[in-house]
Amino acid sequence: MKILFVIGSLRSKSFNRQLAEEAKRIIGDRAEVVELDYSDLPLINQDIEQPEPVAVARVRKEVADADALWIFTPEYNFSYPGHVKNLLDWLSRPVIPMDYGTPTCINGKRVAVSGAGGKMATANCRAKLTELLSFIKADVVAEQTGIAVPAEAWGTDVLTLTDEQKSQLKAQADALIG
Ligand SMILES: Cc1cc2nc3c(=O)[nH]c(=O)nc-3n(C[C@H](O)[C@H](O)[C@H](O)COP(=O)(O)O)c2cc1C
């Protein structure tokens, strides 16, 4: 089984990346984990949808080839970051002009959502991301992991998870792997 990780933060010391690294350790040899590089995606623009830009085709193929996606994202202003929305907007669009009948690469794809952020533990971001993913017909995993980054982590740049949080991640990994 191949799981594609989407890291929703571009920050070099990202807590969400650290959360993803812990999830990878928890998955172990139960699945192959690959990180999706979507840094070269253009901003969504209907003028450039066809022919499919090279970066868009590559990202869509990586999504299509994966058995599941796991998104780790910070919360920006009670929602998900714009670049995560941009990625999902590209994934949601038909490859053939005006063809809304052929499934897109995200249709039916199993997707798990986790987030590390402020004291609400990305609850608003995860709720809105779940709504968006459901709208674009992804198969969203009910189990989620929300981490409220402890204040001291901002001094060290290190996110240390509690045993309970690791158990939550494991339950989510189990649900994703099935
Ligand atoms: C534009 C912007 C808006 C933010 N809004 C929120 C927010 O609404 N809720 C929250 O918990 N954190 C918010 N934050 C803080 C980040 O979510 C927090 O710093 C998080 O740890 C960043 O994740 P990262 O370490 O993976 O980069 C915001 C940060 C930015 C840059």
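## Ligand surroundings and pockets

In this predicted model, a nitrogen atom of the ligand is 2.7 Å from a backbone N or O atom of N77. The ligand on its own has 630 Å² of accessible area, and the protein covers 70% of that area. Helix 1 (15-27) and strand 4 (110-117) are the elements that each give two or more residues to the shell around the ligand.

That shell holds 14 residues, and those that come nearest to the ligand are S9, R11, S14, N16 and N77. Sorted by class, the shell consists of six nonpolar, six polar and two charged residues.

| Residue | Protein atom | Ligand atom | Distance |
|---|---|---|---|
| S9 | side-chain N or O | oxygen | 2.6 Å |
| F15 | backbone N or O | oxygen | 2.8 Å |
| N77 | backbone N or O | nitrogen | 2.7 Å |

The model also has pockets, and the largest pocket contains about 280 Å³ of space. Its lining is made up of 14 residues, among which S92, Y100, T104, N107 and K137 lie nearest the centre of the pocket. The lining of the largest pocket includes six nonpolar, four polar and four charged residues.

The second largest pocket contains about 220 Å³ of space. It is lined by 13 residues, of which L10, D37, Y38, S39 and H83 are the closest to its centre, and by class this lining has six nonpolar, four polar and three charged residues.

Key: Residues are numbered from 1 along each chain as its sequence is written. This is a predicted model: local features need pLDDT of at least 70, side-chain atom pairs count only at pLDDT 80 or more; totals for chains, interfaces and linings use all residues. Side-chain values use heavy atoms; hydrogens and water are left out. On a 1 Å grid over the protein atoms alone, a cavity is a set of points where a 1.4 Å probe fits but cannot get out, and a pocket is an open set with protein on both sides within 12 Å along at least five of seven lines; lining residues have an atom within 4 Å of a point. Grid points are joined across faces, edges and corners, and a volume is the space filled by probe spheres set on the points. Ala, Val, Leu, Ile, Met, Phe, Trp, Tyr, Cys and Pro count as nonpolar, Asp, Glu, Lys and Arg as charged, and the others, Gly among them, as polar. A residue is near a molecule or strand if one of its heavy atoms lies within 4 Å of it. A polar contact is a pair of N or O atoms within 3.5 Å; within protein, one must be able to donate a hydrogen and the other to accept it, and residues adjacent in sequence count only if both atoms are side-chain atoms. Accessible areas come from the Shrake-Rupley method with a 1.4 Å probe; for residues, only the protein chains shown count as cover. Helices (H or I, at least four residues) and strands (E, at least two) are DSSP runs, numbered from the N terminus.
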